[in-house]
Amino acid sequence: DIQSHTQTHPDLVKLYDSSRIQSEIGGSKIELEARTGKSVIALAYPGCVADRKAYSAMSNNGYLLGFSCGKSIDHRFSSKYSIARVHNPYNVDDLKKILSGIYPF
């Protein structure tokens, strides 16, 4: 499965030009769909950060999910554009710590 991570990996919170935000978020989706022939429905935010401008661009471009980072996993529908996820652990011991609620490992 291939999903989006923007066109050039900018910090979306630091972008103020709406056309650039549109290009980063929408352009990535268009290019990936053209190259793969598959629907792109999700975006993982570069640097794990986004704001209302990014959420609006996500909605306008037909994305269903947006992924951020956090200390826990968040799967609430009300947070569909800012779903928190935990980074991959480096080894089994770190995975055990995450699953036990110990973070950062």
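Q: Contact means heavy atoms within 4.5 Å. Which residues does Y63 touch, not counting residues up to four places away in sequence?
A: This is a predicted model, in which local features need pLDDT of at least 70, side-chain atom pairs count only at pLDDT 80 or more, and totals for chains, interfaces and linings use all residues. Residues are numbered from 1 along each chain as its sequence is written, and side-chain values use heavy atoms, with hydrogens and water left out. With residues up to four places away in sequence set aside, the contacts of Y63 are S4, I25, S28, K29, V40, I41, A42, L43, M58 and Y81.

Q: How far apart are the end C-alpha atoms of helix 1?
A: Helices (H or I, at least four residues) and strands (E, at least two) are DSSP runs, numbered from the N terminus. The expected span of a helix is 1.5 Å times one less than its number of residues, so the 19 residues of helix 1 (residues 18–36) should span 27 Å. The distance between the end C-alpha atoms agrees with this: 27 Å.

Q: On which residue is the kink in helix 1 centred?
A: The bend at a residue is the angle between axes fitted to the seven residues ending there and the seven starting there. In helix 1 there is a kink of about 30 degrees, centred on G26.

Q: What covers the buried residues of helix 1?
A: Buried means under 20% relative accessible area, exposed over 50%, and partly exposed in between (1.4 Å probe, protein chains only). In helix 1 the buried residues are I21, E24, I25, G26, S28, K29 and L32. Their cover includes strand 1 (42–44) and helix 2 (52–60).

Q: In the largest nonpolar core, which residues touch the most other members?
A: A nonpolar core is a set of buried Ala, Val, Leu, Ile, Met, Phe, Trp, Tyr and Cys residues joined through side-chain atoms within 4.5 Å. The largest one has 14 residues, and those touching the most other members are L12, I25, L43, Y45, M58 and Y63.

Q: Which residue is joined to C48 by a disulfide?
A: The structure holds one disulfide, a pair of cysteine sulfur atoms within 2.5 Å. C48 is in the loop between strand 1 and helix 2, and its partner, 21 residues apart, is in the loop between strand 2 (65–67) and helix 3 (92–99). At an S to S distance of 1.6 Å, C48 is joined to C69.

Q: Is S78 buried or exposed?
A: S78 lies in the loop between strand 2 and helix 3. Because its relative accessible area is 66%, S78 is exposed.
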